[in-house]
Amino acid sequence: SSLIASITSKILKEKSVSKNWGNKLHTFSIGLKDAPDLKYAKEVSNFLGTIHHEYNFTVQEGIDCIDELIYQLETYDVTTIRASTPMYLMSRKIKSLGIKMVLSGEGADEILGGYLYFHNAPDNSEFHKECVRRVKGLHNFDCLRANKSTMSWGLEARVPFLDKSFLELSVPIHPKQKINKIEKYILRKAFSEEKYLPDDVLWRQKEQFSDGVGYNWVDGLKEFIEKQITDDEFSEGIKEYS
């Protein structure tokens, strides 16, 4: 997402249409207080000179919206729900400003092997197969999150990395070029020389969105869920359902 913001900022500065927004790009981030993503988002904003909007949420606010969020997402996938929650809350804030469309960096990790576990691929063939599998499943997970978390509030998220022409170009790239000591190496390297981003952001290790918004979010959610039903009650429920 930081690269998308940087590229967009560069385009806006080169286009006369940017005068409609005072030649400024608006950026957004959300997290618990002192969350890792907030720090780096602010650094990117300062570097690019964007109008930055930072939102804080609490674990309780996240928990309070989960029932409605599951209804909107139409999934019980654990990872999707916990990652969608801050995005859902942020989308409400963005829409309240009258903004109807945002850009997001969804898809880059799947296309270019951006997750840490890709380092454990036994060979190049399996690496490529996993990339293809992840891309084909995006509509069930990351894109489902990005689409429904935002559209719940009438906010449209566009995803440049999933443009068909970019997919056709990047999916066939040899795995050795995609991961080289760090995830998404080829993407980071392509934008390193012209300083699209500060080095500590561009070469930052991948972090899950649900962790980046604050580690206490996942821990707090687990603690809440464990209080709702005991292991014995859960086991009995499974027996009845079976």
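Rings of Phe, Tyr and Trp (its six-membered ring) pair if their centres lie within 6.5 Å; planes under 30 degrees apart count as stacked, over 60 as edge-to-face and the rest as tilted. By this criterion the structure holds eight aromatic pairs. The model is predicted: local features need pLDDT of at least 70 and side-chain atom pairs count only at pLDDT 80 or more, while totals for chains, interfaces and linings use all residues. Residues are numbered from 1 along each chain as its sequence is written, and side-chain values use heavy atoms, with hydrogens and water left out.

**Figure 1. The tilted pair of tyrosine 185 and tryptophan 203.** The two rings lie 6.0 Å apart, centre to centre, with 45° between the planes. Tyrosine 185 belongs to helix α11 (residues 185-190), whereas tryptophan 203 sits in the loop between α12 (199-202) and α13 (209-212), so that the pair links parts of the chain 18 residues apart. Helices (H or I, at least four residues) and strands (E, at least two) are DSSP runs, numbered from the N terminus.

**Figure 2. The edge-to-face pair of phenylalanine 191 and tyrosine 196.** Here the ring centres are 4.9 Å apart and the planes make an angle of 90°. Phenylalanine 191 is buried, at 18% relative accessible area, and tyrosine 196 is likewise buried, at 14%.

**Figure 3. An aromatic cluster.** Ring pairs join Tyr115, Tyr117, Phe118 and Phe127.

**Figure 4. The β-α-β unit of β1, α2 and β2.** Strand β1 (residues 26-31), helix α2 (residues 36-48) and strand β2 (residues 51-56) form a right-handed unit; a crossover is right-handed if, with the strands pointing away from the viewer, the path from the first strand over the helix to the second runs clockwise. β1 and β2 pair in the parallel sense over six bridges, where pairing requires that DSSP find at least two bridges between two strands. Isoleucine 30 stands opposite tyrosine 55 in β2. Five of the six residues of β1 are buried.

**Figure 5. The setting of these views in the whole protein.** The secondary structure comes to 15 helices and four strands. Buried residues make up 43% of the 242 residues. The C-alpha atoms fill a box of roughly 60 × 45 × 30 Å, taken along the principal axes.

Notes. Buried means under 20% relative accessible area, exposed over 50%, partly exposed in between (1.4 Å probe, protein chains only).
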